[in-house]
Amino acid sequence: MLSLDQILNPEQLPPSRVPVPEWGGHAFIANLTADGRDEVETAWVAYRESREQEDSDQRGFRAYLVAATLCDDGGNLVFGTREAVATAAAKLAVKSAAVLTRLFTVSCALNAFSKEDIEALEKNCTAAQTPPTGSGPPKDAGSGESRSA
């Protein structure tokens, strides 16, 4: 059984080096923490909403995930803000599909993004855009009382 120290001590999360001969070298893809992955998912939903994409439209996700996980050899993200990732994603989207797919595949494998995860993100975008039913403020679970803002 793992000790508490083994569980709670930070892991070393080395990036993965990916050959990109088409661009004249290689790129590194970050091995995200759980918080880092949550940020990518949350930022993707916001990015899609800002572009007013249809609910089922996943155009740009490959480029977005690659931009969000490109890093240096020490694992430091190249594009550190949502705005920088969004700008980079737009520029990466017009690059070679073969290169982007290679980097995307590594990012998905390294950060445990499955097809089901990507479909769940799509559903989360749909849910975020659907107005709640009923009237009045939401009720606290179990209390039957409305929450105040």
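**Figure 1. Helices α3 and α4 lie oblique to each other in this predicted model.** The relation is called oblique because the axes of α3 (residues 61-69) and α4 (residues 82-92) cross at roughly 130 degrees. These axes come within 8 Å, and α3 passes α4 in a right-handed crossing.

**Figure 2. Residues of α3 and α4 that make the contact.** From α3, the contact involves A63, Y64, V66, A67 and A68; from α4, V85, A86, A88, A89 and L92 take part. By class, the residues of this contact comprise 10 nonpolar, no polar and no charged.

**Figure 3. The tilted aromatic pair of W44 and Y64.** The structure holds six aromatic pairs, and in the one formed by W44 and Y64 the distance is 5.4 Å centre to centre, with 55 degrees between the planes. W44 belongs to helix α2 (residues 34-50) and Y64 to helix α3, so this pair ties together parts that are 20 residues apart in sequence. Both W44 and Y64 are buried.

**Figure 4. The edge-to-face pair of F61 and F104.** The ring centres of F61 and F104 are 6.0 Å apart and the planes stand at 85 degrees, so the pair is classed as edge-to-face. Distant parts of the chain are linked here, as F61 sits in helix α3 and F104 in helix α5 (residues 97-110), 43 residues apart. F61 counts as buried, with 4% relative accessibility, and F104 counts as buried, with 9%.

**Figure 5. The aromatic cluster.** W44, Y47, F61, Y64, F104 and F113 together form one aromatic cluster.

Terms used: Residues numbered from 1 in each chain as written. Predicted model: local features only at pLDDT ≥ 70, side-chain atom pairs only at ≥ 80, totals over all residues. Heavy atoms only, no water. Axes fitted to C-alpha atoms, helices over the stretch in contact; angles between N-to-C directions. Helix = DSSP H or I, 4+ residues; strand = E, 2+ residues; numbered from the N terminus. Parallel < 35°, antiparallel > 145°, perpendicular 65-115°, else oblique. Left-handed = near helix turned anticlockwise from the far one by under 90°. Contact = heavy atoms within 4.5 Å. Nonpolar A, V, L, I, M, F, W, Y, C, P; charged D, E, K, R; others polar. Phe/Tyr/Trp six-rings, centres within 6.5 Å; stacked < 30°, edge-to-face > 60°. Buried < 20%, exposed > 50% of the residue type's maximum accessible area, 1.4 Å probe, protein only.
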